[in-house]
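Please examine the sequence and the model below.

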Amino acid sequence: ADGGAHHAPRPTDGPEVWSTDLARSVPSAPTLAAGLVVAGTRDGDLVALEVATGLERWHAPIGSTVRSTAAVAGDLIVVGGGRDLVTLDVTTGSERWRQTMGAPVESAIVIEDGVVYVAAAPHLFALDLESGAERWRTHVGGAVIGRPHIDDALVLVERSPALLALDRQSGAVRWQFETKSFVVASPTVAGPLALAGTHTGELLALDVTDGDQRWRYRTNGAVRSTPVLVGDALLFGSRDGTVYAIEAKDIVDEEPEPASDD
């Protein structure tokens with residue numbers, strides 16, 4: 001949003017469908033939910049606009065600047081404002097619960113299987129989605145900027161210059177790997193590997209079970225994109241202006257080669 005205005009272009013030809021001036025700036029990305037565009041503002045409101053018309057459906061006071069992108073599960077939307085984590089009914093904007101986290105909530109919020117995962121430095125929290133009750137908190141030693149990745153048994157987070165794997169049920173640290181460079185993209189898991197890009201231009205591949213390094217794939221620019229597995233190729237981009245593809249069958253090798261053009 002530019003200067004607080006939300007624009008909706010048509011998906012086919014690009015002309016604008018509607019524009020709504022919120023009269024205040026929007027510092028985080030909006031979220032789509034239940035036919036609504038939901039955006040947080042710098043002056044501490046969460047605003048819901050109808051996707052079709054841009055008309056305001058509801059707005060709710062969060063209390064502080066909303067810097068985190070909201071997460072949605074079912075009829076609930078969760079957002080951070082200042083030191084508070086707030087959950088609201090996505091259709092009405094009515095507040096369900098609010099938890100004070102002890103530090104600003106500025107990282108991505110993830111909801112998985114009824115659990116909210118959120119960072120408020122120097123901790124990562126797991127909260128019950130319905131009640132807000134704390135399931136666990138883990139001291140990770142600093143700010144978590146990227147989006148936590150939730151695997152079957154692990155929560156993978158960057159806390160630069162380190163990558164940590166936490167037990168999903170207890171929050172206990174399973175392993176920690178010192179990356180020696182800032183991790184500038186959200187980590188992910190592909191098969192047996194935990195993957196993360198670094199500011200110094202490397203894609204790191206670690207054994208997801210113990211954190212041992214399998215390989216480093218070097219590029220000529222910061223790797224700011226999260227790798228994604230598409231068909232038979234692992235794709236990621238670099239600030240050197242290149243999109244790289246590694247053949248999926250090779251990602252467990254010591255030194256994988258780029259995928260061929262054949």
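## The four-stranded sheet

In this predicted model, four strands make up an open sheet with antiparallel pairing, ordered β7-β8-β9-β10. Strands here are DSSP runs of E with at least two residues, numbered from the N terminus, and two strands pair if DSSP finds at least two bridges between them. At the edges lie β7 (71-73) and β10 (95-100), each of which pairs on one side only. From one strand to the next the twist averages 20 degrees; the axes behind this angle are lines fitted to C-alpha atoms, and angles run from 0 to 180 degrees between N-to-C directions.

Strand β7 is joined to β8 (residues 76-81) by three bridges, and the two run antiparallel. Within this pairing, V72 has I77 of β8 as its bridge partner.

Residues are numbered from 1 along each chain as its sequence is written. As the model is predicted, local features need pLDDT of at least 70 and side-chain atom pairs count only at pLDDT 80 or more, while totals for chains, interfaces and linings use all residues; side-chain values use heavy atoms, with hydrogens and water left out.

## The largest nonpolar core

The largest nonpolar core has 16 residues, of which V78, L85, M101, I109, V116, V118 and L127 touch the most other members. Such a core is a set of buried Ala, Val, Leu, Ile, Met, Phe, Trp, Tyr and Cys residues joined through side-chain atoms within 4.5 Å; buried means under 20% relative accessible area, exposed over 50% and partly exposed in between, with a 1.4 Å probe and protein chains only. Two or more residues come from each of β8, β12 (115-120) and β13 (123-128). The largest contribution, three residues, is that of β12.

Apart from neighbours within four places in sequence, M101 is in contact (heavy atoms within 4.5 Å) with R83, L85, V118, A120, F125 and L127.

## The enclosed strand β20

All five of the five residues in β20 (residues 193-197) are buried, so this strand is largely enclosed by the rest of the structure. In a regular strand the side chains alternate between the two faces of the sheet. In β20, L193, L195 and G197 are buried on one side, and A194 and A196 are buried on the other.

Strand β20 pairs with β19 in the antiparallel sense over three bridges, and V189 stands opposite A194. The hairpin of β19 and β20 has two residues between the strands, and G191 takes a positive phi near 60 degrees. Five bridges join β20 to β21 (residues 202-207), also in an antiparallel arrangement, with D207 of β21 as the bridge partner of L193. The hairpin of β20 and β21 has four residues between the strands, and G201 in its turn has a positive phi of about 90 degrees.

## A buried serine in a loop

S186 belongs to the loop between β18 (173-178) and β19 (188-190). Its relative accessible area is 18%, so S186 counts as buried. The side chain of S186 reaches the backbone nitrogen of R147 at 2.7 Å. Beyond its neighbours within four places in sequence, S186 is in contact with G146, R147 and T226.

## The three-stranded sheet

A further open sheet has three strands in the order β23-β24-β25, paired antiparallel. Its edge strands are β23 (228-230) and β25 (243-247), each pairing on one side only, and its twist averages 30 degrees from one strand to the next. Five bridges join β24 (residues 233-237) to β25; among the residues involved, F236 has Y244 of β25 as its bridge partner.

Conventions:
Polar contact = N/O pair within 3.5 Å; in protein donor to acceptor, adjacent residues only side chain to side chain.
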